[in-house]
Amino acid sequence: MVSESLILKEESQASISYFLDLGRKSYENFVIHNKECDIDLAISSYEKALELDPYNAEAHYKLASLLWEKGYIDIETAIIKCSEAIEMEPDSVDARLHLGYFFRASGSLEEAIKQFKEAIKINFKKSAKARIALGVSLIQNSLKSTNSIKEVLTGLGHFSIGLILLPSDINSVNLILKCSKEDLQVARYKFKGKILEGLGLSISAFRTYCDATEKLNKKEVFYELLGDIQKSRQNFVIAADYYRKAINLNPTNKKIYEKILSVLDEELDAREIINYHKVLIEFEPENHKLYYELGQLYLEDKNYFGAIDSFRKALNLQPDNAFYHNCMAYNLVQVDDYDGAINEYQRAISLCPDNTWTAIVCQALGAIYYQAKRNPEAAIMSYQMAINLDPQNAEALIAVAEIHYDKGNLDSAIYCYEKALEIDNNNPQANCNLGFVYWEKNEVDKAISYYQKAISLYKEYDIAYNNLGVAYLDGLSKAKLALKIFELAIKYNPNYALAYYNKARCLEELNKKPAAADYYQMALDINTFTKELNPDEIQKRLDKLFKV
């Protein structure tokens, strides 16, 4: 009677053989079809084989090879695992070959040559792969050798003998034949499709590629081609779907990621675009432009910390890129890190790739100094630097004028506004602001003329209408005319609390108290959201209307 332990041993051995065989076939499929799912299945198969037999040499060296190929272990770990496999099975040709390959990949050519020679000794007749590997290694090593000619000739000899012996390696020949058959079929469909595309028969080419996806294993090749056709026909949504299918089947094809990014909609597919950029960075971790593009995508998505991290990585690779420093500064402003932003803007300015561009950066720096740091002197210096770099920069002059106005230096403000208008006489903001300064100086006629000029340049300029209305109401006591002007301010900005308040004052002046009360109340309601006015002032006006 067969013992129970013997039955269990046989079952265990059958399971080990099953997983080893599944691992071999899965890896073979990966070599032929280049699908990640196959290499993952091979890894799990060899891991299960090792669970059943921790001393199985084949599982050790093949698992090491697969884990290294996937990037899960480094080359040194792979060498250690292959060395352990040789200790378990010293006469394993494949273990020697794998160890030799790893030594060669690590740059240890002498150690690799030693392993390939051992593999040839173990099985002289079936040494095709070992001889080819030895020949290549000897030729590579000849570049460092003083006896290079002899080593090259020896290497060529081993390589030639390996090619002669290769037909005797049935497994290798079968694998080559399978790969060749698949490649020939792929090439035939691609050739036919490209001919049809060249003749302008894109629909027929499309059908050819669809047929290939049904009959061949390398579907990702034809999904990519189907996407290309749809892209050429401006069917970007459909093209993206085909590229997604290609990516799912082959996530390691960098070119497809670039193609899908070219057809995705930045608003509809923002998160997907970000994810694909991350994948491209994995392919090219030293590409600073990819980090910059990812930072811009995060910025559009209002993920400021993600953007800051991306721009920081871009700057690590290109520390003297003024544009990257400028982007980093802008994002730091969004998270209220004003000191950090100032440092980044100053760095961008010091690099000064272009005077006009740098002048704009100086303006941004000036805005931070004035609005966030409350330092008007530093702000003026920054704006003045912008003007020095770009004498035609009207915006910088307007910014300086506003600071002078806030400080009560009305004549200095007028000087800057007039300088800005010399550069750009058709600037609505400069005309309107200059009108306001003249209003503060009680020069009503000048104020009105500048307000009117601003409106002639921009007919929907609500602020200019409001200011003009105030000039007619309070400066010239023309309430009826002012009323019409305030109505235009409200027309072009229905949420302008100050315009409602001033219209209410107008109506009060014209003794239309109920209407005035309505507009005071509307001003009060809108002001709850806009925070333009002191609500107590509006309420006082409202309460005073009907007092006896």
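Helix α23 passes α24 in a left-handed crossing, a label used when the near helix is turned anticlockwise from the far one by less than a right angle (clockwise would be right-handed). Helices here are DSSP runs of H or I with at least four residues, numbered from the N terminus. Helix α23 covers residues 428-440 and packs against α24 at an angle of about 165°, with the axes 8 Å apart. That makes α23 roughly antiparallel to α24, a term for angles over 145 degrees. Axes are lines fitted to C-alpha atoms over the stretch in contact, and angles run from 0 to 180 degrees between N-to-C directions. On the α23 side, the contact is made by P428, N431, C432, L434, G435, F436, Y438 and W439, and α24 brings in V444, K446, A447, Y450, Y451, K453, A454 and L457. Contact simply means heavy atoms within 4.5 Å. Sorted by class, this contact has 12 nonpolar, 2 polar and 2 charged residues. Ala, Val, Leu, Ile, Met, Phe, Trp, Tyr, Cys and Pro count as nonpolar, Asp, Glu, Lys and Arg as charged, and the others, Gly among them, as polar.

All of this comes from a predicted model, where local features need pLDDT of at least 70 and side-chain atom pairs count only at pLDDT 80 or more, while totals for chains, interfaces and linings use all residues. Residues are numbered from 1 along each chain as its sequence is written, and side-chain values use heavy atoms, with hydrogens and water left out.

Next comes the other partner of α24. The axes of α24 (residues 444-457) and α25 (residues 462-475) come within 9 Å and cross at roughly 155°, which makes α24 roughly antiparallel to α25. The crossing of α24 and α25 is left-handed. Residues in the contact include V444, I448 and Y451 of α24, along with Y465, L468 and Y472 of α25.

Now for another helix pair. Helix α18 (residues 338-351) packs against α19 at an angle of about 155°, with the axes 10 Å apart, and the two are therefore roughly antiparallel. Their crossing is left-handed. Among the residues making the contact are Y338, I342 and Y345 of α18 and W357, V361 and L365 of α19. By class, the contact of α18 with α19 has 14 nonpolar, 2 polar and no charged residues.

Helix α19 also turns up at the second largest pocket, where α19 (355-372) and α21 (394-406) are the elements giving two or more lining residues. The largest share, 5 residues, comes from α21. Overall, the lining of this second largest pocket has 6 nonpolar, 3 polar and 2 charged residues.

Note on methods:
Parallel < 35°, antiparallel > 145°, perpendicular 65-115°, else oblique.
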